[in-house]
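Subject: Structure handover

Hello,

Here is the structure we talked about passing on. My notes follow below it, in the order in which I would go through the elements.

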Amino acid sequence: MPGILYVVATPIGNLGDISDRAREVLSVVDIIAAENTRHARKLLSKIDFSGKLLAYHDFSDKRQQRMLLDELLGGKTVALISDAGTPLISDPGFKLVRLARDQGISVLPIPGPSALTASLSVSGIATDRFVFEGFLPSRDNARRQRLDMLKEETRTLVFYEAPHRIVASVATMLECFGAERSLFIARELTKKFEEHFLGTLEEGLRWLQQSSLRQRGEIVIVLSGASESERQRRAHEAAFSLLERLQDEMPLSKAIGLVVDITGVRKNSIYNRAQLLNSTRQSDE
Ligand code: SAM
C-alpha cells in the first residue's frame with residue numbers, strides 16, 4: 001500500500017496556532033519535507049518528532065522529488081510543510097502534490113492558518129467572492145500591467161506583498177483603480193506588532209507613508225473590487241475617447257453607430273457627448 005502525503009498548515013506567526021492534528025501528524029510521519037529545514041527545526045523543537053527532515057522546493061532537483069515519491073510508493077508517510085501557513089499558497093508543494101496524485105498516492109490536508117484567510121476574515125471587505133493574486137511582479141512595468149488587467153474585476157482582490165514594495169504597489173493601485181476603493185492592510189498577523197488599516201486607497205497610501213515602521217514585516221493587501229458605477233464610468237470614458245478619434249474620420253452619425261456597436265454604451269450618452277464635443281469645438285473656432 002502506498003503511504004500518505006499530508007499537506008500540513010503551520011502558524012503564520014503565533015506558534016500557539018498550530019492545531020492538535022498538525023502536531024500529531026508531524027510527530028508520527030516518517031519524513032517531513034520542509035521548504036527550509038532550519039526554519040522547520042524551530043517549529044519541530046516544540047514537537048516530539050523522530051522522523052527524517054528533508055528540504056523540498058518545487059525547483060528541488062528531480063532526484064529529490066523522485067526519492068520522496070519512491071518513499072511514498074513504498075508505504076512511507078510524508079508531511080509537507082512550508083515556512084509559514086498553508087503549503088502551496090504562494091509556497092512550494094504544487095509539483096509534489098501533482099506527482100503524488102498522478103501516482104495514485106493519497107494526499108490529505110491538515111488545514112490551518114493562512115495569511116490569505118486570516119486577513120480576509122478580519123478585513124471588513126466583502127468575502128463572498130474574492131480573487132487571490134499572490135505576489136505582484138516586482139518590476140514596475142509588469143506590476144502596472146497586472147493591475148491594469150484587474151481594473152474591471154468586481155470580486156475582492158487579495159495580494160501578498162514584500163515590505164520594501166508596499167508603498168510602490170499601493171501607489172500604483174491608486175493610479176489604476178482611483179482613490180475611492182476600500183483598502184485593508186494587515187501587517188504581522190498573529191504577531192506582537194500586528195497592525196491593521198481599513199480606509200480608502202488614498203488614505204491607505206498616506207497611512208503607509210506616515211511611518212516607515214508600517215512598511216516593515218509581513219503584509220497582506222485586501223482591496224474591494226470594481227463597483228458597477230466605476231465599471232460604467234470606465235466604459236463611458238473608453239467610448240468617448242473612441243468617438244473623438246472616429247469623429248474626425250467619418251460622418252458623426254456613422255461614428256456614433258460604430259461606437260455604440262463596439263462598446264455597448266447607450267446611444268443617448270454617446271450622442272450627448274458628441275454634441276458637447278461639437279459645441280466646444282465651435283466655441284474654440
Ligand atoms: N503559505 C503562506 C500562507 O498560507 O499565508 C504564505 C507564504 S508567502 C511566501 C509569504 C507572504 O504571506 C508574506 O510576504 C505576506 O504577504 C504573507 N504573510 C505571511 N504571514 C503573514 C503574517 N503573519 N501577516 C501578514 N502577512 C503574512
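Two strands are taken as paired if DSSP finds at least two bridges between them. Strands β6 and β7 (residues 156-161) qualify with five bridges, in the parallel sense. Within that pairing, Gly-134 has Phe-159 of β7 as its bridge partner. Please keep in mind that this is a predicted model.

The sheet with β6

β6 and β7 belong to an open sheet of five strands, ordered β6-β7-β10-β8-β9, and its pairing is mixed. At the edges are β6 (130-135) and β9 (195-200), each of which pairs on one side only. From one strand to the next, the twist averages 15°. Helix α8 packs on this sheet and touches β8 (182-187), β9 and β10 (219-223). The direction of α8 makes about 140° with that of β9.

Aromatic pairs

The structure holds three aromatic pairs. One of them I looked at in detail, and it consists of Phe-135 and Tyr-160. A pair of aromatic rings is described by the distance of the centres and the angle of the planes. For Phe-135 and Tyr-160 the centres are 5.8 Å apart and the planes stand at 65°, so the pair is edge-to-face; the cut-off for that class is over 60 degrees. Phe-135 is in strand β6 and Tyr-160 in strand β7, so the pair ties together parts that lie 25 residues apart in sequence.

Helices α7 and α8

Helix α8 (residues 201-210) also meets helix α7 (residues 166-177): their axes come within 9 Å and cross at roughly 160°. That angle makes α7 roughly antiparallel to α8, since the class takes in angles over 145 degrees. The crossing of the two helices is left-handed. On the α7 side, the contact is made by Ile-166, Val-167, Val-170, Ala-171, Met-173, Leu-174 and Phe-177. On the α8 side, Leu-201, Glu-202, Leu-205, Leu-208 and Gln-209 take part. By class, the residues of this contact are ten nonpolar, one polar and one charged.

The sheet with β2

What order do the strands of the open sheet with parallel pairing follow? The order is β3-β2-β4-β1-β5, with five strands in the sheet. Its edge strands are β3 (52-55) and β5 (106-110), and each pairs on one side only. The twist here averages 25° from one strand to the next. Strand β2 (residues 31-34) pairs with strand β4 (residues 78-81) in the parallel sense, over four bridges. Opposite Ile-31 stands Val-78 in β4. Helix α2 (residues 37-44) packs on this sheet, where it touches β2, β3 and β4. The direction of α2 makes about 145° with that of β3.

Helices α10 and α11

The axes of helix α10 (residues 252-263) and helix α11 (residues 267-284) come within 10 Å and cross at roughly 140°. α10 and α11 are therefore oblique to each other. The crossing in which α10 passes α11 is right-handed. Leu-252, Ile-256, Val-259 and Val-260 of α10 meet Lys-267, Ile-270, Tyr-271, Ala-274 and Asn-278 of α11. That contact has seven nonpolar residues, one polar and one charged.

Regards

Definitions and conventions. Residues numbered from 1 in each chain as written. Predicted model: local features only at pLDDT ≥ 70, side-chain atom pairs only at ≥ 80, totals over all residues. Heavy atoms only, no water. Axes fitted to C-alpha atoms, helices over the stretch in contact; angles between N-to-C directions. Parallel < 35°, antiparallel > 145°, perpendicular 65-115°, else oblique. Left-handed = near helix turned anticlockwise from the far one by under 90°. Contact = heavy atoms within 4.5 Å. Nonpolar A, V, L, I, M, F, W, Y, C, P; charged D, E, K, R; others polar. Phe/Tyr/Trp six-rings, centres within 6.5 Å; stacked < 30°, edge-to-face > 60°.
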